[in-house]
Amino acid sequence: MENGSGVHVSETAEQAALATGAPRGGLGPGGGLGAALSAALRMFGRQREATVFVVAAALFLYFAIDKGSDFTSKANLVTVFSDNTAPYAIIALGEVFLLICGEIDLSVGFVVGFAPYLMYFLIAFYHFPGLLAILFALLLGVVVGWVNGFFTVTVGVPSFITTLGTGFILLGLINTTSHDQPATIPADIMGIGKWIATYAWSPIVWAVVLALIFHIVLTRTRWGLHTVSVGGNQLGAREAGIHVNRIKYGNFMLTGVLGSLVGLQQMYFTNNISPTAGSYTWMFYAVTAAVIGGTAMLGGSGTIIGAFFGAVALGILLDGFPLVGIGADPLSIVFGGAILAAMVANVQLTRLRERGQS
Amino acid sequence: MAATTPQGQPGFASQDTDILRVEHISKSYGAVTALTDVSLRLARGEVLGLIGDNGAGKSTLLKILCGFQQPTAGRIFLEGQEVVLRSVDHARSLGIDVVYQDLALINQLTVFQNMFLNREKVRWPLVRNGAMRREAREHLDEMGVHIPSVNVPVARLSGGQRQAIAVARSVFDNPKILLLDEPLAAMGVKEGAIILDLVTKLKQNNVSIIIIAHNYGQVLQVCDRVNMIQDGKITLDRLADDTSAEELTEIVVAEYRKALEERQRATSA
């Protein structure tokens with residue numbers, strides 16, 4: 001019985017402590033210091049979006065002052081925003097949602113490449129009406145997203161591997177169905193092209209409007225909150241009754257359809273359907289924009305506004321470096337450095353937060 | 001062993017007053033059996049303590065009762081009607097809510113966002129942050145839970161505050177039945193007292209409660225009745241007044257001793 005009475009003693013000790021009526025209110029340690037630290041962290045957290053905005057604005061001013069009308073001419077600004085920024089910004093919207101819920105899509109760049117071909121095949125070989133063919137091209141992204149969701153969520157393959165596989169499959173589909181030959185845009189869909197891309201500012205207008213919508217979806221709708229929940233605490237989200245699988249499937253499909261949209265935009269913008277349009281570059285730049293913008297790859301946090309300005313910064317650099325005569329070659333060094341710097345900031349922030357929590 | 005057989009089932013006589021009745025529930029995960037045959041009852045306005053060793057099946061039973069998992073076999077009656085709890089949402093709509101041991105809080109979201117997690121107030125398509133903030137604050141004040149602000153991420157709260165948030169959230173929709181999984185685990189005496197206060201308050205509001213605990217001394221303060229679960233079965237059903245922390249401890253210790261003796265016999269043989 002020594003064992004039993006031992007347990008009993010410790011219990012009565014606790015009861016005694018209870019009975020003395022310890023003071024209420026002070027729930028946790030560290031009132032003043034903790035509050036000051038959390039206020040500082042909150043400012044830092046907001047600053048992450050502000051930082052990338054300031055970087056983008058500073059880059060813009062630098063090139064505008066240094067190169068004058070070479071940079072600020074309408075033609076060049078169209079290149080900066082519609083050509084260099086918009087496609088990455090749009091794909092980044094989907095990637096941010098995926099990264100927040102703990103997944104990634106490496107295949108989206110090949111949806112960009114295959115969507116125009118699908119549309120072309122449907123019109124040229126199957127005599128689909130133009131609008132219907134465009135609808136199917138968008139649907140391609142939804143289907144690819146569903147397949148990515150199926151293997152990741154239902155089968156249980158990590159999305160990094162799933163989308164590596166589907167990306168290669170799409171690349172193979174592009175190459176075999178096109179016989180590596182470019183195609184021309186069918187005449188009967190040229191008209192709606194101006195709404196999608198031909199009008200010089202359309203791509204960036206699409207990007208801005210979509211970014212605003214996605215920002216609101218992320219911060220002010222159940223879908224957005226549940227996406228954060230799934231990435232932040234998947235078991236907890238499931239226990240709260242959130243349909244975790246539905247959220248992940250949905251975000252894969254969302255990313256896919258954005259890939260299709262960018263594919264069509266590129267087709268109109270370059271006035272060409274090219275077998276080389278599908279590549280990893282779309283995804284890499286989009287993820288770069290997201291990470292520079294403050295989206296951690298740890299899941300549970302990320303911002304649409306940050307990713308958008310991350311894409312703007314990329315777009316300005318892509319255009320500005322050749323203008324100042326540095327050339328495009330060392331650009332990747334800058335991007336790589338920016339990714340590392342942003343990630344280090346993210347990791348440090350998380351550490352600080354965890355320390356502040358205890 | 002007297003300790004392992006059901007001793008005088010004070011419950012099964014008066015079934016009209018039962019809000020919840022569970023009959024012959026079992027649960028297996030593949031080859032592993034978590035619950036062999038569990039029957040229990042919960043009277044209206046009663047606080048039932050569910051005790052037992054780690055791995056005895058307490059959490060599994062709770063996850064079945066809140067709709068998170070489906071039983072392999074057995075029946076559940078809610079206010080006399082047989083129900084099949086298809087999901088957490090479904091159980092919640094029937095008036096059963098739960099606080100998981102891990103609390104199911106999302107660190108990245110604020111206090112009010114967590115309190116309304118998966119039951120957000122919506123004016124389609126947007127969530128109504130203002131209304132949710134206000135109601136969360138009112139609700140916490142009502143329950144005597146003191147949080148500096150409902151706008152801070154829950155990651156910044158202490159263990160007791162997090163637990164209090166989880167409990168407050170679970171009674172938002174005025175459930176008839178509340179399930180609490182180890183609400184006192186990993187908590188100091190002071191913080192535990194706040195949670196026990198909450199439980200007492202809820203009981204006064206006629207909420208029926210099942211509470212899992214391993215600290216018998218603390219749990220007996222608020223419980224009307226205690227059920228012990230061992231090896232996936234209910235082995236003891238006592239009114240709290242008819243037992244004591246010492247007796248419950250003794251039963252568990254006797255169980256340990258038996259297991260130990262069996263092992264020694266097995267190794268020496």
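# Questions and answers on chains A and B

Reader: Of the 358 residues of chain A, what percentage count as buried?
Author: This is a predicted model, in which local features need pLDDT of at least 70, side-chain atom pairs count only at pLDDT 80 or more, and totals for chains, interfaces and linings use all residues. Residues are numbered from 1 along each chain as its sequence is written, while chains are lettered from A and ligands numbered from 1 in the order in which they are written. A residue is buried if 20 or more other C-beta atoms (placed from the backbone) lie within 10 Å of its own, exposed if 12 or fewer do, and partly exposed in between. For the 358 residues of chain A, the buried share is 44%.

Reader: How many helices are there in chain A?
Author: Helices are DSSP runs of H or I of at least four residues, and strands are runs of E of at least two, both numbered from the N terminus. Chain A has 0 strands, and its helices number 15.

Reader: What percentage of the contacts in chain A with a separation of 6 or more comes from residues 24 or more positions apart?
Author: Two residues are in contact if their C-beta atoms, placed from the backbone, lie within 7 Å. Among the chain A contacts with a separation of 6 or more, residues 24 or more positions apart account for 79%.

Reader: How many nonpolar residues does the contact of α13(A) with α14(A) have?
Author: From α13(A) come Tyr285(A), Thr288(A), Ala289(A), Ala290(A) and Ile292(A), and from α14(A) come Ala307(A), Gly310(A), Ala311(A), Ala313(A) and Leu314(A). Ala, Val, Leu, Ile, Met, Phe, Trp, Tyr, Cys and Pro count as nonpolar, Asp, Glu, Lys and Arg as charged, and the others, Gly among them, as polar. This contact has no charged residues, 2 polar ones, and a nonpolar count of 8.

Reader: Which residues does Gly300(A) touch, not counting those up to four places away in sequence?
Author: Gly300(A) lies in the loop between α13 and α14 of chain A. Gly300(A) is buried, because 23 other C-beta atoms lie within 10 Å. Leaving out residues up to four places away in sequence, Gly300(A) touches Ile100(A), Val228(A), Gly231(A), Gly232(A) and Gln108(B).

Reader: How is α10(A) oriented relative to α12(A)?
Author: α10 (residues 222-232) and α12 (residues 244-270) of chain A have axes 10 Å apart and pack at an angle of about 110°. α10(A) is therefore, relative to α12(A), roughly perpendicular.

Reader: How many charged residues are in the contact of α10(A) with α12(A)?
Author: His226(A), Thr227(A) and Val230(A) of α10(A) meet Val244(A), Ile247(A), Lys248(A) and Asn251(A) of α12(A). The contact divides into 3 nonpolar residues, 3 polar residues and a charged count of 1.

Reader: How many residues of β3 in chain B are buried?
Author: In a regular strand the side chains alternate between the two faces of the sheet. In β3(B), Val47(B), Gly49(B) and Ile51(B) point one way, while Leu48(B) and Leu50(B) point the other way. Strand β3 (residues 47-51) of chain B is largely enclosed by the rest of the structure, because its buried residues number 5 of the 5.

Reader: Which residue stands opposite Leu50(B) in β11(B)?
Author: Two strands pair if DSSP finds at least two bridges between them. β3(B) is joined in parallel to β10 (residues 208-212) of chain B by 4 bridges, where Gly49(B) has Ile211(B) as its bridge partner. β3(B) also pairs in the parallel sense over 4 bridges with β11 (residues 225-230) of chain B. There, the residue opposite Leu50(B) is Asn227(B).

Reader: Which residue takes a positive phi in the hairpin of β1(B) and β2(B)?
Author: β1 (residues 18-29) and β2 (residues 32-43) of chain B run antiparallel and are joined by 8 bridges. The hairpin has 2 residues between the strands, and the residue with a positive phi near 60° is Gly30(B).

Reader: Is Ala104(B) buried or exposed?
Author: Ala104(B) is in the loop between β6 (96-99) and α3 (111-115) of chain B, and its phi is near 55°, a positive value in a residue other than glycine. Because 26 C-beta neighbours lie inside 10 Å, Ala104(B) counts as buried.

Terms used
Axes fitted to C-alpha atoms, helices over the stretch in contact; angles between N-to-C directions. Parallel < 35°, antiparallel > 145°, perpendicular 65-115°, else oblique.
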